[in-house]
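Visitor: I would like to learn how to read some features of a protein model. Please start with strands.

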Amino acid sequence: MAFLAKHKEIRLWVGFILIALFYFVLRWGYLPAGAYWSPDNGYRRLQADAIRLGAEGVSFDLPYPGKDIDPAFAYVPIEGHFYFVRAGELHLAQWPLMPFLSRLLIALFGDRGAEIIPMLSGLLCVWLSGKLIHRGDFGGAWGGMILAGLLTPILIYSLVFWEHSVAAMLGIAVVFLLAEEDPFTLPRRVFLVSGGLAGLAGGVRKEMLLFAAAVALVLVIRGWHAPPPERRDVWGKILSWAFACAMLIASYGVTSYLKSGQLVPPEFRISVTPEYGPASYLVTQGWAGIANFIFDEKYGLLGSGLLLAVFAYAWAGYNPTPQREAIQVGLMITILVGNFQFLLGYSPVGDGIHGILTVSPFLILGLNREAWSTRLGQNLLGMALFFLTLSILSLGLMTKRGANQAELEWGARFMLVFFPLMIPLAVKGLSAILQRTANAKSRLSQWMARLHFATVFLLIGFSAILHGLGLLNILISVNNNLLLEKSLLALPETHVLTEVWWVAAQAPETYWNKQLFYNAGKPWDAWWQQARAQGITQVAYISLTELDEARLAALAPPGATLHLINSEWVSGRVFVTRLELTEEALK
């Protein structure tokens with residue numbers, strides 16, 4: 001037995017090392033550095049570059065190169081809800097923890113240093129997922145690590161400058177610490193550490209506050225059913241967990257207030273500004289709105305039907321009948337065909353993909369009764385489903401865009417911890433199918449189990465294709481943004497005006513080396529007044545459509561005429577036009 005245990009541990013390490021090598025090859029060999037997939041990534045890079053140590057300590061404000069022309073911050077080249085102004089200084093709204101931790105790594109390794117913490121966090125998340133499988137005896141831990149590390153969005157978010165993988169890693173650590181059949185046999189200090197990590201995760205990513213609530217709900221349900229002699233100790237441990245969690249969340253709130261002067265952290269404005277009402281997503285979309293969180297909205301009515309197929313698959317696995325295998329195979333093939341139909345219409349040049357089961361459909365294996373037959377399995381499933389439900393209700397009722405609120409994403413970035421949390425259950429579900437191929441009571445049952453097993457691998461193959469497209473999506477986007485950045489830096493003009501909000505975010509070097517200005521739909525008159533007073537006669541202009549004579553006339557300041565020097569279509573995304581105020585106009 002000791003030999004077998006050691007053999008499993010070796011396989012676990014070998015699997016982990018192979019995944020780690022794959023991540024390093026992708027990040028340091030395949031993907032270029034210096035430009036960013038999502039504007040959120042670029043804003044974090046701007047934050048990191050802006051952090052500096054002065055006489056008064058660490059400064060987090062973002063220097064504004066165009067402040068001499070725009071002292072009122074009317075044309076800041078950042079989308080409005082991503083920044084705020086305090087005491088005459090510009091600040092980005094995102095919590096600066098990730099940029100702060102990455103600042104030294106960027107100084108040491110250059111542009112590639114930005115993604116080191118996300119990558120190491122993703123790898124640790126994969127490792128903890130494998131250890132969770134091993135601890136709960138769910139099946140092959142090394143295989144589970146491969147599923148978690150290569151076939152869920154953990155792969156994508158480990159390769160970009162974002163804190164999602166950090167939050168997911170903290171979330172899995174919260175669960176791993178409590179991963180026992182009866183967690184209340186653990187000492188109180190374990191609950192304190194677990195609760196503290198849950199609070200820290202909530203500070204790193206605000207949606208993890210919902211995850212903390214889901215974990216707390218499972219603990220309360222377990223505590224409620226504890227034997228009477230043990231309840232005092234059990235509830236003491238639950239309260240210890242909640243206290244540690246609350247203290248970390250409170251420290252985040254206090255620190256945010258000291259930094260921003262605002263009671264509600266500024267980053268809460270970015271994606272979750274409350275707007276419940278008749279236009280809320282689930283109110284207007286109904287059942288289709290729920291389905292869009294599970295399958296991409298582009299599935300249309302097909303997504304609603306596939307969600308019903310998922311419920312039917314789970315019911316067949318919960319209440320098995322002699323026809324169970326055939327029913328589940330049919331439903332799984334339906335989901336597979338639906339996913340491939342979606343894939344045929346997808347282009348990696350453009351948007352990301354939404355939906356938990358769009359990117360990792362094999363997770364439905366975790367819904368089978370065999371997957372969660374133990375108390376630990378039930379705890380994992382409860383945390384995952386409670387978190388999923390709270391997330392859908394939060395985004396569906398408090399926003400107008402619901403499933404599309406995250407905009408550019410791969411899978412469901414606001415629910416990333418759901419994926420590694422479900423991996424142990426999916427592995428257990430797959431192991432149960434494999435057992436039925438060997439222990440079936442009839443030849444027909446055995447062949448149906450084999451067909452079920454083969455269909456699972458088709459779903460896994462689909463996930464592999466989709467995540468390959470995700471890597472291609474990042475590569476194309478980053479290369480396009482690097483090309484845009486190179487073109488803008490090569491401009492002879494120092495002052496660059498844009499009607500496109502994401503330029504500074506996806507090509508951040510431009511922010512520091514040019515004076516960028518974004519009008520957010522406002523007239524440029526006030527900017528021109530300041531610019532002309534300083535003798536500026538030549539600018540570059542970034543637009544999504546080519547400037548014609550009418551638009552040039554509208555862009556010109558009162559009493560002046562803009563002369564077009566040249567216009568270029570750059571990186572397949574924007575027009576960059578060089579403009580000059582003629583001498584005649586100035587006279």
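Guide: Two strands pair if DSSP finds at least two bridges between them. Helices (H or I, at least four residues) and strands (E, at least two) are DSSP runs, numbered from the N terminus. Here 8 bridges join strand S10 (residues 562-570) to S11, and the two run antiparallel. This is a predicted model, in which local features need pLDDT of at least 70 and side-chain atom pairs count only at pLDDT 80 or more, while totals for chains, interfaces and linings use all residues. Residues are numbered from 1 along each chain as its sequence is written, and side-chain values use heavy atoms, with hydrogens and water left out.

Visitor: Which residue in S11 stands opposite glutamate 568?

Guide: Valine 576 does. In the hairpin of S10 and S11, 3 residues lie between the strands, and serine 571 takes a positive phi near 55°.

Visitor: How many bridges pair strand S9 with S11?

Guide: Strand S9 (residues 538-543) pairs with S11 over 6 bridges, in the antiparallel sense. One of the partners there is phenylalanine 575 in S11, which bridges to serine 543. In a regular strand the side chains alternate between the two faces of the sheet.

Visitor: Why is strand S11 described as largely enclosed by the rest of the structure?

Guide: Start with the term: buried means under 20% relative accessible area, exposed means over 50%, and partly exposed is in between (1.4 Å probe, protein chains only). In strand S11 (residues 574-581), 7 of the 8 residues are buried, so the strand is largely enclosed by the rest of the structure.

Visitor: Next, aromatic rings. How many aromatic pairs does the structure hold?

Guide: Rings of Phe, Tyr and Trp (its six-membered ring) pair if their centres lie within 6.5 Å; planes under 30 degrees apart count as stacked, over 60 as edge-to-face and the rest as tilted. The structure holds 33 aromatic pairs. In one of them, the rings of tryptophan 28 and phenylalanine 109 have centres 6.1 Å apart and planes at 85°, so the pair is edge-to-face. Tryptophan 28 lies in helix H1 (residues 2-30) and phenylalanine 109 in helix H3 (residues 97-109), so the pair ties together parts that are 81 residues apart in sequence. Tryptophan 28 is partly exposed at 35% relative accessible area, and phenylalanine 109 is partly exposed at 44%.

Visitor: Are tryptophan 527 and tryptophan 528 buried or exposed?

Guide: Both tryptophan 527 and tryptophan 528 are buried. Their ring centres are 5.1 Å apart with planes at 80°, so this pair is edge-to-face. They belong to one aromatic cluster, whose members include Tyr64, Phe73 and Tyr541.

Visitor: What sits over the ring of phenylalanine 176?

Guide: A charge sits over a ring if NZ of Lys or CZ of Arg is within 6 Å of the ring centre and within 35 degrees of the ring normal. The charged end of arginine 135 sits over the ring of phenylalanine 176, 4.0 Å from its centre. Likewise, arginine 573 lies over the face of tryptophan 502, at 3.9 Å from the ring centre.

Visitor: Now charges that meet. How many salt bridges does the structure hold?

Guide: A salt bridge is a side-chain nitrogen of Lys or Arg within 4 Å of a carboxyl oxygen of Asp or Glu. The structure holds 15 salt bridges. Aspartate 49 forms one with arginine 45, the closest N and O atoms being 3.0 Å apart. Both residues lie in helix H2 (residues 39-50), 4 residues apart, about one turn of the helix. Aspartate 49 is partly exposed at 22% relative accessible area, whereas arginine 45 is buried at 6%.

Visitor: Which parts does the pair of arginine 436 and glutamate 370 tie together?

Guide: The side chains of arginine 436 and glutamate 370 meet in a salt bridge (3.1 Å, N to O). Arginine 436 lies in helix H18 (residues 418-439) and glutamate 370 in the loop between helix H16 (356-359) and helix H17 (375-398), so the pair ties together parts that are 66 residues apart in sequence. Arginine 436 is buried at 17% relative accessibility, and glutamate 370 is partly exposed at 24%.

Visitor: Which residues are linked in a network of salt bridges?

Guide: Arg44, Glu163, Arg205 and Glu207 are linked in such a network.
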